[in-house]
Amino acid sequence: MMLDVQELSVAFTDRQEPFTAVDKFSLQMDRGEIVGIVGESGSGKSMTAHALMGLIPRSRAAVTGRALFEGVDLLPLPREALRQYQGRDLSIIFQEPMTSLNPTMRIGKQVEEALFIHGKLSPGERKAKALAAMELAGLPDPEGLYRQYPHQLSGGMRQRVMIAAALVLRPRLLIADEPTTALDVTIQAQILDTLKDINRQEGTAILFISHDLGVVKALCSRVVVMKQGRIVETGPAEQVFHHPREDYTKLLIASRPSRKKLRGGGEHE
Amino acid sequence: MGKALLKRLALLLGTLLLVSVLAFTAFSVIPGDPTQAVLGMEATDQQIAAFRAKHGLDLPVWERYGRWLSAFVRGDFGQSFKYDKPVAELVISQIQVTLMLATVSFALILAISLPLGLIAARRPGGIVDRAVTVLTQVTMSVPNFIMGIGLMFVFALVLKWFRPEYVSLEQGLGPHLAFLVYPALAIALPKSAMTVKLLRGSILGELDQDYIRTAYSKGNSRGSALRRHVLRNAMIPVVTFLAMAIGDIMAGSIVVEQVFGIPGLGRMLISSIGNRDYPVVQAIVVLLAAVVVGCNFLADLLYRVMDPRIERT
């Protein structure tokens, strides 16, 4: 098993009333698997992702439980040891491609940054790997983009740059935190296809977080449904989508606008 | 480097022209006559007429301005009424002192504000941060001549670290700088306070940005995220502010030179106004304006270089 999360909880301590954002979240993931977490905003799904990535400041919240990555519990690791995993073994892409890139740093430098942090490659070798990662992320003309700045790119392109930067060291797990929510529907479908291709080609496991059950169904083999920090239901994607056990899941499915009506077409598969 | 900069350049020249017109007309409007100031009360009509003819004072204002301007752009700043020497000669001997004072002031601003700003931003709300906030608030609200008098009192009269007597460059670079540190401090402290405040706010603002989260997710340490990502973005407004502060530093030195008895441009400007020595005043005013406008231009240029989002068409 690659990832084994046991009773992960995130409790914010920096507010007047302590607030539990994630309550005893458990999940097992194998190499190369694509698992989805669905839930409405505030259900704790992004918080779970950030906690797994070690991105929640310890001064703000208590993260408890266990998160075993290939047998090593990431949660109690000191910052220095955790840094060795971040960007190398596990990577993350975020919801906001417009603001997640440094506006004054060239695209190339941002894509190859993890190489710079985690290794001692020459600039030439770094560039070669960066260009390969950009190609993998479906960016046209990587050589030309290498010297450009984020503001010269569209939202979809920026998300692809984020994907390239996250994949430059070929991590075994990619956490995708609502990566397509801020994008147009057509771009959304293309990015999902790219993620699928990457999973197939590189064997990268993907933990895909979304509020959109349909997107999750199209991409993931298994789904976890979250509500108010807790897991409501979990199971194979098809089963959860077509035969939900819990009322909340049914509600979530029913509340989804039908793509057939909106686009006059079927689901993108 | 493009249309926008050419436009700025044109604006710059226009501003300087306007300043020179204003300075020129101001002196033909205010009371007081250079002939009397230079020749004294007992001058004969003949002497006065000769003086006026020599310096072109018998001509109408606009014609005098035209002559002055055409000579000025060719590098001829005119003759001083009082000293009967070329203005350029007088100004150049004084400007060195003022430039030195301004340079030391600027160096002090950097030396004080950059480390303090970083430290204050490191732990917002911490002891250092709160102490810095109080200190900046106090120094920001004190005008630089009061600061000068205060520094003079504390360091020269009470602590006796220096003698309140000007030490020129001819007496050695070391002693010269050792003296200039105090007036420079009077100029630098209020500006440093503002820079600290700006830098602290700017760093904290950048630390909140999404791209810093991305930086951490790649395995950056706090220090490397700060160096590689935060600083460059946080420095953009600070660098712009500092470039514009150079103008203020020059202006501040005029006042502070009075307090510390430094024979620089400021002293010369004030005594020349008293003597109604227009050519000198005119040259100094336009030179100071050139420095201020030039620094604004520099700020604009730096901003464009540092922030790729500003289109360089």
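Predicted model: local features only at pLDDT ≥ 70, side-chain atom pairs only at ≥ 80, totals over all residues.
## Chain A at a glance

Let's start with the make-up of chain A, which has 12 helices and 10 strands. Its C-alpha trace spans about 55 × 50 × 35 Å along the principal axes. A compact globule of 269 residues would have a radius of gyration near 18 Å, and chain A, with 18 Å, agrees with that.

Buried residues account for 45% of the 269 residues of chain A. If you look at contacts in chain A between residues at least 6 apart in sequence, 66% of them join residues at least 24 apart.

## The six-stranded sheet

Chain A holds an open sheet of six strands. Their order is 6-7-8-3-9-10, and the pairing is mixed. Strand 6 (90–93) and strand 10 (230–236) of chain A stand at the edges; each has a single partner strand, so one side of each is left without a neighbour in the sheet. From one strand to the next, the twist averages 15°.

## Two domains in chain A

Chain A is divided into two domains. Domain 1 is made of two stretches, 1–88 and 185–264, while domain 2 covers 90–170. The centres of domain 1 and domain 2 of chain A, taken over C-alpha atoms, are separated by 24 Å. Where the domains meet, the contact takes 12 residues from domain 1 of chain A and 15 residues from domain 2 of chain A.

On the domain 1 side of this contact, helix 1 (45–53) and helix 8 (185–202) of chain A each supply at least two residues. Helix 8 of chain A gives the most to that side, with five residues. By class, the residues that domain 1 of chain A turns to domain 2 of chain A divide into seven nonpolar, three polar and two charged.

## A loop residue: Arg170(A)

Arg170(A) is found in the loop between helix 7 (155–167) and strand 7 (173–177) of chain A. The residue counts as partly exposed because it has 17 C-beta neighbours inside 10 Å, which falls between the cut-offs of 12 or fewer for exposed and 20 or more for buried.

For a sense of distance across the chain, compare Arg170(A) with Arg15(A): these residues are 155 residues apart along the chain, and their C-alpha atoms are separated by 38 Å.

## Chain B: helices throughout

Now for the partner chain. Chain B has 12 helices and zero strands, so its pattern along the sequence reads α-α-α-α-α-α-α-α-α-α-α-α. The C-alpha trace of chain B spans about 85 × 55 × 35 Å along its principal axes.

Of the 313 residues in chain B, 32% are buried. Among the contacts in chain B with a separation of 6 or more, 73% are between residues 24 or more positions apart.

## A buried methionine in chain B

Met250(B) lies in helix 10 (residues 222–260) of chain B. With 23 C-beta neighbours inside 10 Å, Met250(B) counts as buried. Leaving aside neighbours within four places in sequence, Met250(B) is in contact with Ala102(B), Leu288(B), Val291(B) and Val292(B).

## Where the chains meet

Finally, we come to the interface: 22 residues of chain A are in contact with 17 residues of chain B. On the chain A side, the elements that give two or more residues are strand 6 and helix 4 (113–118). Helix 4 of chain A provides the largest share, four residues.

The side of chain A that touches chain B has nine nonpolar, nine polar and four charged residues.

Key: Residues numbered from 1 in each chain as written. Chains lettered and ligands numbered in written order. Rg over C-alpha atoms; globule rule 2.2 N^0.38 Å. Contact = placed C-beta atoms within 7 Å. Pairing = 2+ DSSP bridges. Axes fitted to C-alpha atoms, helices over the stretch in contact; angles between N-to-C directions. Nonpolar A, V, L, I, M, F, W, Y, C, P; charged D, E, K, R; others polar. Domains from an automatic or database assignment.
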